[in-house]
Amino acid sequence: MQLTGSEILLECLIAEGVEVMFGYPGGAILPTYDAMTKYPQLRHVLVRHEQGASHMADGYSRASGKVGVCIATSGPGATNLVTGLATAMMDSVGIVAITGQVSRGSIGTDAFQETDVTGVTLPVTKHNYLVMSAAEIPLVVQEAFHLARSGRPGPVLIDIPKDVQTEKAEFKGYPVGKLKMPGYQVPDAADTRDIAEALDLIKRAKRPLILAGHGVVMSGATAQLRELAELAGIPVTLTLLGKGAIPEEHPLCLGMMGMHGHAVCNFAIQDADLLIALGMRFDDRVTGNLKTYSPNSKKIHVDIDPSELNKNVKVDVGITGDLRTVLTQIIPELPRQSHPEWMQMIRDWQEDGNERDILTHYTGEKLIGAQVINDLWRFTEGNAITVSDVGQHQMLEAQYYPHQRPSTMLTSGGLGTMGFGFPAAIGAKFARPDEEVWAIVGDGGFQMTLAELATARQENVDVNIAILNNGFLGMVRQWQEIFYDQRYHATPMVNPDFCKLAEAYDIPSMRVTRRDQIEESVAFARSIKGPVLIEYAILKEEMVYPMVPAGADLNKMIRRPKPGESKS
């Protein structure tokens, strides 16, 4: 069957199970948009900026476990995807980005809207392709989706010149069968010698601790993680992206570690005699000073990407393999264990942290962010999918919204992309339409991608937007307060009236200034089938504690004093 390159592309996407694409048309991708009229089963979501398309594809992928797809034209359309690709690359999220390119004969001539997008995106994609004939498209699409979802997932870009989209070629159906990709091997089971060494360390440990990261969620190893923790009596700390890997209300779950993590986690890491790092990469935000990091512990690190082993932290046993498979190798060989003295130390640290919690002693009249997040958790029964942006509200979400299920807390962890939260929440809602989805954003980050209000309105996406508005770039202000002698330069913000802004997009809204209005705001949001914007006017100078100063020892945290204590 003779089809154009565009038709072949869309046939292949359908064969891959793609149901929705997020994109923005333009000259070099127009043949593909024209072909879309023949494939109504492929839903296209018209974004208002290509960055929003990449974040929506990202949110779709994180929420569904499927590959998200975004599409843009050449030149600025393609380069506008780059921040989203880098975000997905840092957090190992499988997306496929399709870009139009100028025609083959014009490549290299500085033609209108020409950019070497494969060159631009080389460092921020797992792989990319420049397709030079329509006949190549089926195999390229098959490889792209395989790469995006397999092993350590990541973004893949397919750049297609305009005349390749219109070129006709014989389409014999979407390729089936195992791909032959020399040099690309996905590890599965671990070496049995490594497993034996890990088992020996676990059996001998007196103060073991599990560090669970995004890899636990992505590999579908949450049940195995819980079984390991309960069998061996090992407490579990979480990275930001590991939230939900084990129910946070489980007695062995200590919560999030790192710069703004729970103090108990950081103390436990520093005092442990064995760290079992599962699907995490020892990011600087979770280690602090590497020279003093967990100085007395043996370390086991399991990751599907061998390049992560010994990259930041030297380990005693490095295991390359699929995490779920590796845990199923370990668990049957372990005896049931308990560590009562170690758990008592942890409970003492937890009690100390509870005494410092701002929710236990704050009596001010102004609404604070911790109250908003904690009450959103209470009034959504902890069951919502929350998609946070980047900043103070992100850390407050991590501290005060415990998640019981995997893939229900989505955020930009590695790149820390402001502007991610709202469009990613739209993508998440497309992935899981029956779930309650909240975008939790700050006033700064929201304004970077607020143009997607129009997308939410046009598609009538049932997503709730919670803006924590303190009139500041709050996290930057916090750093200026602590480390720059309160020189607040370029952080105070003059904001629009967010409710009037919502009104301009025909989106219902509500402003909340008191804590007793929060329950009403959740009920209001739930009563509307479509986008809703809630502005929470919070205290301007709220700080997020604990805080490990950049490069400091992990247990040298700046902490909120207990009631009656003076600030150190």
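# Briefing on a predicted 568-residue chain

In this chain, residues 24 or more positions apart account for 75% of the contacts with a separation of 6 or more. The structure is a predicted model, and its chain holds 24 helices and 20 strands. The radius of gyration is 24 Å, which agrees with the value near 24 Å that a compact globule of 568 residues would have. Along its principal axes the C-alpha trace spans about 75 × 60 × 40 Å, and buried residues make up 60% of the 568 residues.

**The six-stranded sheet**

- An open sheet of six strands is arranged in the order β16-β15-β17-β18-β20-β19, and the pairing in this sheet is parallel.
- Strands β16 (409–410) and β19 stand at the edges, where each has a single partner strand, so one side of each is left without a neighbour in the sheet.
- Strand β15, which covers residues 385–388, is joined to strand β17, which covers residues 437–442, by four bridges, and the two run parallel; within this pairing, Ile-385 has Val-437 of β17 as its bridge partner.

- Leaving aside residues up to four places away in sequence, Leu-396 touches Gly-369, Ala-370, Ile-373, Tyr-401, Glu-542 and Val-544.
- Although Leu-396 and Tyr-545 are 149 residues apart along the chain, their C-alpha atoms are separated by 9.1 Å.
- The peptide bond that leads from Tyr-545 to Pro-546 is cis, with omega near -5 degrees, and Pro-546 is found in the segment after β20.

**Backbone angles to look at with care**

- Most residues other than glycine have a negative phi, and most peptide bonds are trans.
- Asp-110 has a phi near 60 degrees, a positive value in a residue other than glycine; this aspartate is placed in the loop between β5 (95–101) and α6 (117–121), and it is exposed, with a relative accessible area of 74%.
- Asp-485 also has a positive phi, of about 50 degrees, although it is not a glycine; its place is in the loop between α22 (474–483) and α23 (498–504), and at 60% relative accessibility Asp-485 counts as exposed.

**Aromatic rings**

- A search of the whole structure finds nine aromatic pairs, and ring pairs link Phe-22, Tyr-60 and Phe-430 into a cluster.
- The ring of Phe-472 has the charged end of Arg-477 sitting over it, at 5.6 Å from the centre of the ring.

Conventions:
Residues are numbered from 1 along each chain as its sequence is written. This is a predicted model: local features need pLDDT of at least 70, side-chain atom pairs count only at pLDDT 80 or more; totals for chains, interfaces and linings use all residues. Side-chain values use heavy atoms; hydrogens and water are left out. Rings of Phe, Tyr and Trp (its six-membered ring) pair if their centres lie within 6.5 Å; planes under 30 degrees apart count as stacked, over 60 as edge-to-face and the rest as tilted. A charge sits over a ring if NZ of Lys or CZ of Arg is within 6 Å of the ring centre and within 35 degrees of the ring normal. The radius of gyration is taken over C-alpha atoms; the globule rule is 2.2 Å times the number of residues to the power 0.38. Buried means under 20% relative accessible area, exposed over 50%, partly exposed in between (1.4 Å probe, protein chains only). Contact means heavy atoms within 4.5 Å. Two strands pair if DSSP finds at least two bridges between them.
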